[in-house]
Amino acid sequence: MLKASAILNVPVYATTQNTARLGPICSELSLPPSAFQADKTAFSMMIPALQSALDDTQGTSKQIAIVGIESHICVTQTALDLLKMGHHVYVLADGVSSCNEGEVGIALRRLAHAGVTITTSESWLYECMRDAKIPEFKQIAALVKETKETTREAVQTLCKM
């Protein structure tokens, strides 16, 4: 999703949960220099610094896609907070996890019931593009093809609703 966000010029917002105790974001993610980054102790990402960063972008209601760990804690609380703020929230089912695998499906069902759109990364990417005529289409299609196997594995493992 980070590669796709760069291609589609989608801003990236990342938080860590109490870095001093739990450690930093893993280096394999290679966050872009433009990514908003903040440490937090709250379980929701919607800390004042992130709220301010979102307020600085155009429009009041935004379409926001969430990926992350602990689907039943941080992902859930962030998604519910964003809904309360009037945003259209997507949780990418193949991009969330939990230390306890059984928590994922329960969290996704709860979020869907609350009004969050539960989808996959590939579905969300094509929804963002809307048309194969856009210049970025070929790059995204190649990226989808390149990550097909890992995406399939993630969907089979994580998307048990």
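Which residue takes a positive phi just after α6? Arg130 does, at about 70°. Keep in mind that this is a predicted model, where local features need pLDDT of at least 70 and side-chain atom pairs count only at pLDDT 80 or more, while totals for chains, interfaces and linings use all residues. Residues are numbered from 1 along each chain as its sequence is written, and side-chain values use heavy atoms, with hydrogens and water left out.

**View 1. Helix α6 and the residue that follows.** Helices (H or I, at least four residues) and strands (E, at least two) are DSSP runs, numbered from the N terminus. In α6, Ser121, Trp124, Leu125 and Met129 are buried, and buried here means under 20% relative accessible area, with exposed over 50% and partly exposed in between (1.4 Å probe, protein chains only). Look down the axis of α6 and these buried residues fall within an arc of 135°, so they line one face of the helix. That arc is taken from the directions from the helix axis to the C-beta atoms. As background, an α-helix has 3.6 residues a turn, so residues three or four places apart point the same way.

View 2. Asp94 sits in strand β4, residues 88-96. Is Asp94 buried or exposed? Asp94 is buried, with a relative accessible area of 11%. The side chains of Asp94 and Ser121 are joined by a polar contact of 2.6 Å. A polar contact is a pair of N or O atoms within 3.5 Å; within protein, one must be able to donate a hydrogen and the other to accept it, and residues adjacent in sequence count only if both atoms are side-chain atoms. Ser121 is also one of the buried residues of α6.

**View 3. Two aromatic pairs.** How many aromatic pairs does a search of the whole structure find? The search finds 2. In one of them, Tyr13 and Phe36 make a tilted pair, 6.0 Å centre to centre with 50° between the planes. This pair links distant parts of the chain, with Tyr13 in strand β1 and Phe36 in strand β2, 23 residues apart. Tyr13 is partly exposed at 24% relative accessible area, whereas Phe36 is buried at 17%. Tyr126 and Phe137 also form a pair, this one edge-to-face, with 6.2 Å centre to centre and 75° between the planes. Here Tyr126 belongs to helix α6 (residues 121-129) and Phe137 to helix α7 (residues 137-146), 11 residues apart. Tyr126 counts as partly exposed at 32% relative accessibility, and so does Phe137 at 23%. For the terms: rings of Phe, Tyr and Trp (its six-membered ring) pair if their centres lie within 6.5 Å, and planes under 30 degrees apart count as stacked, over 60 as edge-to-face and the rest as tilted.

**View 4. Strands β1 and β2 side by side.** Strand β1 (residues 13-17) and β2 pair in the parallel sense over 5 bridges; strands count as paired if DSSP finds at least two bridges between them. Gln17 has Lys40 in β2 as its bridge partner. Strand β2 (residues 36-40) has Phe36, Ala38 and Lys40 on its covered face, and Gln37 and Asp39 on the uncovered one.

**View 5. Helix α3 and its two sides.** In α3 (residues 48-55), the residues Leu50, Ala53 and Leu54 are buried. Seen down the axis, they fall within an arc of 100°, so they line one face of the helix. Turned away from that buried side are the exposed residues Pro48 and Asp55. The buried residues of α3 pack against β1, β2, β3 and α4 (71-84).

**View 6. Inside the largest nonpolar core.** A nonpolar core is a set of buried Ala, Val, Leu, Ile, Met, Phe, Trp, Tyr and Cys residues joined through side-chain atoms within 4.5 Å. The largest has 22 residues, and Leu50, Ile66, Ala79, Leu82, Val91 and Leu111 have the most contacts inside it. Two or more residues each come from β2, α3, β3, α4, β4 and α5 (102-114). Another core lies apart from this one, with 10 residues, among them Leu8, Trp124, Met129 and Ile140.

**View 7. Ile66 up close.** Ile66 is found in strand β3 (residues 63-68) and is buried at 6% relative accessibility. Leaving out residues up to four places away in sequence, Ile66 touches several others, including Val75, Leu82 and Tyr90; contact means heavy atoms within 4.5 Å. The C-alpha atoms of Ile66 and Tyr90 are separated by 6.2 Å, though the two are 24 residues apart along the chain.
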